[in-house]
Amino acid sequence: MLDIQILRADTAAVAAQLADRGYTLDVAQFTALENERKAIQTETQDLQARRNALSKQIGQLKAKKEDASALMAEVNAQAEQLKALEGKLEDVQQRVSDFLLNVPNVPHVSVPAGRDADANVEVRRVGEPRKLAFEAKDHVDIGEGLGGLDFATATKITGARFTLMRGGVARLHRALAQLMLDVHTEEHGYTEIYAPYIVNDLSMKGTGQLPKFESDLFQVSFGGISGKRAGADIYVDKINKDGTVPDDVTHVVEERFWYLIPTAEVPITNIVRNEIVPRDQLPLKFVCHTPCFRSEAGSYGKDTRGMIRQHQFDKVELVQIIHPEQSYAGLEELTGHAETILKKLELPYRVMALCTGDMGFSSAKTYDIEVWLPGQSAYREISSCSNFENFQARRMQARFRNDKNKPELVHTLNGSGLAVGRTLVAVLENYQRADGGVDIPAALQPYMGGLKALEPVR
């Protein structure tokens with residue numbers, strides 16, 4: 001969420017910055033809300049001043065033992081007016097908050113200007129695409145030839161855009177995730193997290209998925225259980241130390257909605273929601289392997305073949321909670337950590353600085369890492385690494401104590417380190433052989449029991 005003080009100080013400048021990323025700020029609506037808020041606050045202040053003056057007069061009359069009943073009646077009436085104004089102020093402040101929840105982050109000054117992906121800037125390219133002596137197959141044909149990718153059965157079980165893996169391919173997928181976790185924990189200093197795959201709406205709001213992208217999410221319903229009791233294990237008046245709900249709990253403090261996570265960014269970043277982190281603990285660095293669930297609303301007809309765009313896929317996610325002064329150095333570091341995996345797998349890739357019009361809603365700056373896929377003869381995104389500055393932290397009230405011992409918003413970063421399914425696609429396509437087999441990268445062989453190749457089904 002944007003800092004409303006910045007928006008109030010120069011609405012036109014913020015609107016211009018947001019226009020660079022293709023968002024039209026409704027200046028008229030914001031101005032109307034602000035004018036309404038100011039009018040209520042002015043009326044409240046005037047009424048409070050009048051009430052204070054009357055209270056002083058009442059005291060003087062009582063000291064003289066004179067009748068103050070008329071003034072006391074007026075003060076009582078003003079108390080009702082103040083209560084009504086308090087309700088009006090709360091209402092307009094909520095509408096301002098709802099307005100801001102749908103406004104994207106302002107791009108950092110270093111972000112290249114542009115309307116779409118065509119304006120993205122290549123930062124670096126690492127490795128050269130392999131020159132195959134035969135016509136390259138894509139991962140679908142390779143995986144089916146290995147007997148390891150079965151899209152038809154997955155469609156029968158669930159529907160389109162799901163994958164069933166078997167045998168060596170399934171093991172290779174697992175090996176990739178294990179390699180990533182080991183590298184990030186042992187070499188890069190991240191703490192491994194196992195997190196819930198279902199989160200509440202507050203967590204989704206905290207990282208910016210709600211309310212803007214609700215159509216991209218899978219909402220969870222608890223069939224056969226009343227809404228209040230379904231939520232009672234989380235939102236109750238009291239809870240036992242072991243996390244269980246006391247038998248006598250019957251009232252739920254607040255009803256919530258649950259969603260399948262679109263990325264581990266959501267549960268991991270929300271670890272610090274409503275927390276004040278000791279400064280000496282920053283940066284917090286977390287890594288987490290989870291499945292991710294996305295409805296891919298609006299992407300119909302795009303990447304329908306194979307594993308590139310799925311409703312369910314795995315990622316190893318990197319998250320940093322960091323001091324504001326270190327966040328851009330942290331972004332470079334985090335991006336480098338994701339690149340390390342591709343280097344170990346000896347996969348050619350490039351790093352792209354996204355332009356203003358191609359960045360995600362919450363991001364202030366983003367690097368996309370794109371891996372070379374011979375089956376498509378193109379670079380495709382395999383990781384997106386972003387600095388959100390304090391945009392998410394403001395929504396979550398995630399803070400640390402600064403040099404003056406005052407609470408200050410942290411900065412949050414995250415990136416895929418890497419998307420496991422797309423890394424599997426890259427390995428299958430880049431290490432394919434003319435006979436349909438796939439050589440296993442040296443870095444993965446220890447995770448595959450020393451196996452050096454996956455052989456085609458004969």
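## How two helices cross

A crossing counts as left-handed when the near helix is turned anticlockwise from the far one by less than a right angle, and as right-handed when it is turned clockwise. In this predicted model, helix α7 goes past helix α13 in a right-handed crossing.

Two packed helices can be described by the angle between their axes and the distance between those axes. Here, α7 (residues 167-186) and α13 (residues 420-430) pack at about 115 degrees, and their axes are 10 Å apart.

## Who touches whom

On the α7 side, the contact is made by V169, L172, H173, L176, A177 and M180. They meet V420, G421, T423, L424, V427 and L428 of α13. Sorted by class, that contact has nine nonpolar residues, three polar ones and no charged ones.

## The sheet

Now for the strands. Eight of them make an open sheet with mixed pairing, in the order β1-β11-β12-β13-β16-β10-β9-β4. On average, neighbouring strands are turned by 25 degrees against each other, ignoring direction.

Let's zoom in on one pair: β11 (residues 349-353) and β12 (residues 365-373) run antiparallel and are joined by five bridges. In one of them, V351 has I369 in β12 as its bridge partner.

## Helices on the sheet

Both helices also meet strands of this sheet. α7 packs on the sheet and touches β4, β9 (284-293), β10 (312-322) and β16 (411-419). The direction of α7 makes about 5 degrees with that of β10.

As for α13, this helix lies across β9, β10, β12, β13 (378-387) and β16. α13 runs at about 35 degrees to β16.

How values were computed
Residues numbered from 1 in each chain as written. Predicted model: local features only at pLDDT ≥ 70, side-chain atom pairs only at ≥ 80, totals over all residues. Heavy atoms only, no water. Axes fitted to C-alpha atoms, helices over the stretch in contact; angles between N-to-C directions. Helix = DSSP H or I, 4+ residues; strand = E, 2+ residues; numbered from the N terminus. Contact = heavy atoms within 4.5 Å. Nonpolar A, V, L, I, M, F, W, Y, C, P; charged D, E, K, R; others polar. Pairing = 2+ DSSP bridges.
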